[in-house]
Amino acid sequence: MKYLVLIYSDEKAGVSATKEETDAWMGEYVAYTDALAKGGVMLAGEALHPTSAATTVRLQNGKKVTTHGPFAETKEQLGGYYVLDVKNLDEAIEWAARCPGARAGSIEVRPIMDYSQAQ
Amino acid sequence: MGCFFGEHPFSFLNDSTSHFLERVHRQEYGQLLATLIGWLGDMELAEEALQDAFLAAVEHWEREGVPHKPGAWLTTTARRKAIDRLRRSRSDAADPQELETLPPAQMAVTENFDDAGEIPDERLKLIFTCSHPALPLEQRIALTLHTLGGLTTAEVAAAFLVPVPTMAQRLVRAKRKIKDAGIPFYVPPAHLLAERLDSVLTVLYLIFTEGYAATAGDALIRHELCDDAIRLCRVLELLTRRTHTDVPDTQYAEVLGLLGLMLLHHSRRTARVGARGELILLGDQDRSSWDRRAIQEGLALVEKAFNMGHPGAYQLQAAISAVHARAPAAEATDWPQIAALYGELRRFEDTPIIRLNQAVAVSLAAGPARGLRLLEPLAGELSAYAPFHLARADMFRRTGQTEQAREAYRVALDLTQNKVEREFILGRITSLGERQ
């Protein structure tokens, strides 16, 4: 089954990090991504720019309306994601728990719909 | 289909067949369903097919008599019904052709009625699936009672005093999440087993306590719910004993502890409620009406568990209950030992409720004044918890501080919804006498 692993954290918390801290953090993600790839479970994964770089788009009466910033103000923000292909939820949860982001914030594990199984 | 599995699903049959089917439903539903899920890989389809099979049984058994192995008959019939359903739905989820060409060995198990005992017991997998921590706790509880306990939706709804449509929706949501989120149907791998078994024990414990201390409604104890929890715990004990190589001793000892705890509590079920349905506290109970057989079994389980040398929270609670069970009269209760066991329990589970119970034990071992001192720091956290105020009231009563006792009883009364418990508290207030 495919799962989208969404990494949430308070993006303001990372701002005050020193260069060493940031490097160490990056190193952990490189190692984690490596482990996912070696485990043969990773389909995709990216880090995102902070929500200050986000633009939200809606169509109102056919007219395009853009606002700066994320869709919703929340305490933790989406900072990156992985797409995993694993056997079941337990495996997805185990991989999610190993993600460095699990310590800094929270990881949401969402199953991806499989239309090939639909009737 | 929904109305068929109502409160008394087989009431329209002649008495003996209906009785028999009800018993088979209760006793074998979980195992039959688990077997079908293992085979079909689809909980909803398995459930529908099994309901079809029970419907077919209504017809056949009345006409041709009850088969020699009802469980095997139902399994075989449910398998055919599942194939029928798959053909009709033209679903790709499972290929009917594929299902019909299962390995002959597997097929033979269900085709050969005489070998019904050989059907692999898949219930442990179902237990773990139903208790998966990705499901909300209320769904875990409902699903466990429904799928493993064989309770109808209406029965589970009645047990938790919620409308049937609410419960039906709760069960549908749980099943949908299992399917959509990919919650596995298996006995978890060794490194997950301890954590998952904890969740299973929590679910069974909550089913029991809901029955034992009904939080709302007119009845103080809902015996059936306690019986169901004990029945399911027995199944868990049997299954974890069988697969002993996988289940660590620390966990198995807790399974024994929980079963012992339930049996020891349940042994007092008749003594705990008076003729008018009122609550009778442990100290006032007629101990001759305690269920001796349940006590014997409970004590043996506690002993067996402790002999394994891995104490845990359920074992310690059972040990506390065992001290009460061994006391021939309330006055003979070994309160210092109970106070010490609570102290031990706090190493595993240090909650305000456990500290409250410890304070009560200390008050009986060393006097109400010491108990009151232990209650003091809990006043904030337990301000909305009726038993805290009841315990406090009782200690004030024993130190002769009648006014404080009355006040505490009133607070407890305001926090209590259960009709029987309210009457009990009112009785206590009356017994304090008129305001001086």
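Student: Which residue of β5(A) is the bridge partner of M42(A)?
Tutor: The model is a predicted one. In β5(A), M42(A) has L84(A) as its bridge partner. Y3(A) also has L84(A) as its bridge partner in β5(A).

Student: What makes strand β1 of chain A a partner of strand β5 of chain A?
Tutor: Strand β1 (residues 2-9) and strand β5 (residues 77-85) of chain A share eight bridges and run in the antiparallel sense. One of the bridges in β5(A) sets Y8(A) against L78(A).

Student: In what order do the strands of the open sheet lie?
Tutor: The four strands of chain A are arranged as β2-β5-β1-β6, with antiparallel pairing.

Student: Why are β2 and β6 of chain A said to stand at the edges?
Tutor: β2 (42-47) and β6 (106-111) of chain A each have a single partner strand, so one side of each lacks a neighbour in the sheet. From one strand to the next, the twist averages 20 degrees.

Student: Which helix of chain A packs on the sheet?
Tutor: Helix α2 (residues 89-98) of chain A does so, touching β1, β5 and β6 of chain A. The direction of this helix makes about 155 degrees with that of β6(A).

Student: What pattern does chain A follow along the sequence?
Tutor: The pattern is β-α-β-β-β-β-α-α-β, from three helices and six strands. Of the 119 residues in chain A, 17% are buried.

Student: Turning to chain B, why are α2(B) and α3(B) called oblique to each other?
Tutor: The axes of helix α2 (residues 43-64) and helix α3 (residues 70-89) of chain B cross at roughly 120 degrees and come within 8 Å. The roughly perpendicular range is 65 to 115 degrees and roughly antiparallel begins over 145; α2(B) and α3(B) are therefore oblique. Their crossing is right-handed.

Student: Which classes of residue make the contact of α2(B) with α3(B)?
Tutor: The contact has ten nonpolar, one polar and four charged residues. Among them are L45(B), F54(B) and A57(B) of α2(B), and L74(B), K81(B) and R85(B) of α3(B).

Student: What makes R234(B) buried, exposed or partly exposed?
Tutor: R234(B) has 14 other C-beta atoms within 10 Å. A residue with 20 or more is buried and one with 12 or fewer is exposed; R234(B) is therefore partly exposed. R234(B) lies in helix α11 (residues 223-242) of chain B, and 18 Å separate the C-alpha atoms of R234(B) and M308(B), which are 74 residues apart along the chain.

Methods: Residues are numbered from 1 along each chain as its sequence is written. Chains are lettered from A and ligands numbered from 1 in the order in which they are written. This is a predicted model: local features need pLDDT of at least 70, side-chain atom pairs count only at pLDDT 80 or more; totals for chains, interfaces and linings use all residues. Two strands pair if DSSP finds at least two bridges between them. Helices (H or I, at least four residues) and strands (E, at least two) are DSSP runs, numbered from the N terminus. Axes are lines fitted to C-alpha atoms, for helices over the stretch in contact, and angles run from 0 to 180 degrees between N-to-C directions. Two residues are in contact if their C-beta atoms, placed from the backbone, lie within 7 Å. Angles under 35 degrees count as roughly parallel, over 145 as roughly antiparallel, 65 to 115 as roughly perpendicular and the rest as oblique. A crossing is left-handed if the near helix is turned anticlockwise from the far one by less than a right angle, and right-handed if clockwise. Ala, Val, Leu, Ile, Met, Phe, Trp, Tyr, Cys and Pro count as nonpolar, Asp, Glu, Lys and Arg as charged, and the others, Gly among them, as polar.
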